[in-house]
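I opened this entry to keep a record of what I looked up, in the order in which I looked it up.

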Amino acid sequence: MSVRFGLAVLAALVLAGCDQRTPEAPPKSAEATPSLAIKPAAPSPTLKAIRARGELRCGVNPELPGFAFQDNGGRWRGFNVDFCRAVAAAVLGKPDKVRFVPLGNDERIAALRSGKVDVLWRNTSWTFSRDAGDQLDMAAISYFDGQGFLVRRSLNLTSAVELNTAKICVQSNATSAQNLDDFFRTRGIAYTAMVYDSEDQARAAYQADKCDAFTADISALAAARSVLDDPGAHVILPDAISKEPLGPLVRQDDPAWTDIVRWTLYALILAEEHGVTKANAKVMKTGADPEARRLLGEGGYGAMLSLDADWAYRAIMAGGNYGEIFDRDIGGGSALKLDRGLNALWNAPKPGLLYAPPLR
């Protein structure tokens, strides 16, 4: 073997050895990573203003038993009220740092757009015109509803199509009047709309026998029936003539604030899904469920919302998870006795539409 050939072989062996790298371990998936790199949150002018004044301003319907009303002591109570308190707890540390602003139908949108309130959490439906025309965002759906009819049990009606030539009480400045006309016009059914400025006035007219039926969101009909002179003498017909997704409305010019409101609601839905309650939340912080631990502070996800790690924990402690709020205010533990129906969790024995994205 020549010297030149030997050197060439040696060089080839050296190069081959350099190319034999130690195999690297496969990268860990994001799921296996204890905590993700937390990105700084976008600034929210609304959050900054709320913190400066020291209170959240929440627009509510003052005439909707079960959803928003003042008790004999003047304290605000109800389904929507409890969600407002949860947001206040998340962003300001305490659920009582909220001022409830009673708003009628004709002033609610203007109040939100002008900044009179930070969030509108009342029976306002998510529609195309409110989204695109009014430039408002529905942060998330807190209640899946539909429009129905309340009638006297003595009429022995089984469907709204039997309301031919009926007088029907309905509120103006709402989607209810248009839904009513759409339903009867497409079926060629004659009716007379008795239009009133507020839901309270429409309910009072129905109570005074000025109309044969009262139409509104089914949740509002249940609330109205609970305060009639003889609730048992009235029945809600099985027809749902529209889709009415209800939830918190916010302005479109502050997406960071939209995220805060959206994820506070989702936190309460996730809490129910993972069995986190007001009573056990502290224990669940160190429990076996990884998503429950993240929800309750592990990983510091609150920084993505310009909030601290305990934002969701405080929201849950304000009034419980979604299921606790529902049962207490409008479900089996209330005068309304509303069934969960569409508002049951997606994985409940009788599944509903309630679904929150994962927190990870």
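**Overall make-up**

I began with the secondary structure and found 13 helices and 14 strands in the protein. The model is a predicted one, so I turned to its confidence next: the average pLDDT is 90, and 90% of the residues score at least 70. I noted that residues 1-35 have a pLDDT below 50, and that this stretch makes four contacts in the model beyond near neighbours in sequence. On burial, I read that 48% of the 360 residues count as buried. For contacts between residues at least 6 apart in sequence, 70% join residues at least 24 apart.

**H9 against H12**

I then went to helix packing, where two packed helices are described by the angle between their axes and the distance between the axes. For helix H9 (residues 255-273) and helix H12 (residues 311-319), I found that the axes come within 9 Å and cross at roughly 70°. Angles of 65 to 115 degrees count as roughly perpendicular, and H9 and H12 are therefore roughly perpendicular to each other. H9 passes H12 in a right-handed crossing. I listed the residues that make the contact, with Trp263, Thr264, Ala267, Leu268 and Ala271 on H9 and Trp311, Ala312, Ala315 and Ile316 on H12. Sorted by class, the residues of this contact of H9 with H12 are eight nonpolar, one polar and no charged.

**H13 and its two partners**

Which residues of H9 and H13 meet? From H9 I noted Leu265, Leu268, Ile269 and Glu272, which meet Tyr322, Gly323 and Ile325 of H13. The contact of H9 with H13 has five nonpolar residues, one polar and one charged.

I also looked at helix H3 (residues 79-92), whose axis comes within 9 Å of that of H13, with a crossing angle of roughly 145°. H3 passes H13 in a right-handed crossing. Here Phe79, Asp82 and Phe83 of H3 meet Tyr322, Ile325, Phe326, Arg328 and Asp329 of H13. The residues of this contact of H3 with H13 comprise five nonpolar, no polar and three charged.

**Gly323**

Is Gly323 buried or exposed? The residue sits in helix H13 (residues 322-329), and I found that it counts as buried because its relative accessibility is 13%, with the cut-off for burial at under 20%. Leaving aside residues up to four places away in sequence, Gly323 touches Glu272 and Arg340. Gly323 and Arg340 are 17 residues apart along the chain, and I noted 9.0 Å between their C-alpha atoms.

**Positive phi values**

Last, I checked the backbone angles, bearing in mind that most residues other than glycine have a negative phi. Asn156 has a positive phi, near 55°, and I located Asn156 in the loop between strand S8 (147-152) and strand S9 (166-171). With a relative accessible area of 63%, Asn156 is exposed. Asp209 also has a positive phi, near 65°, and lies in the loop between helix H7 (199-207) and strand S11 (213-217). I recorded Asp209 as exposed, at 54% relative accessibility.

Notes: Residues are numbered from 1 along each chain as its sequence is written. This is a predicted model: local features need pLDDT of at least 70, side-chain atom pairs count only at pLDDT 80 or more; totals for chains, interfaces and linings use all residues. Side-chain values use heavy atoms; hydrogens and water are left out. Axes are lines fitted to C-alpha atoms, for helices over the stretch in contact, and angles run from 0 to 180 degrees between N-to-C directions. Helices (H or I, at least four residues) and strands (E, at least two) are DSSP runs, numbered from the N terminus. Angles under 35 degrees count as roughly parallel, over 145 as roughly antiparallel, 65 to 115 as roughly perpendicular and the rest as oblique. A crossing is left-handed if the near helix is turned anticlockwise from the far one by less than a right angle, and right-handed if clockwise. Contact means heavy atoms within 4.5 Å. Ala, Val, Leu, Ile, Met, Phe, Trp, Tyr, Cys and Pro count as nonpolar, Asp, Glu, Lys and Arg as charged, and the others, Gly among them, as polar. pLDDT is the predictor's confidence in each residue, from 0 to 100. Buried means under 20% relative accessible area, exposed over 50%, partly exposed in between (1.4 Å probe, protein chains only).
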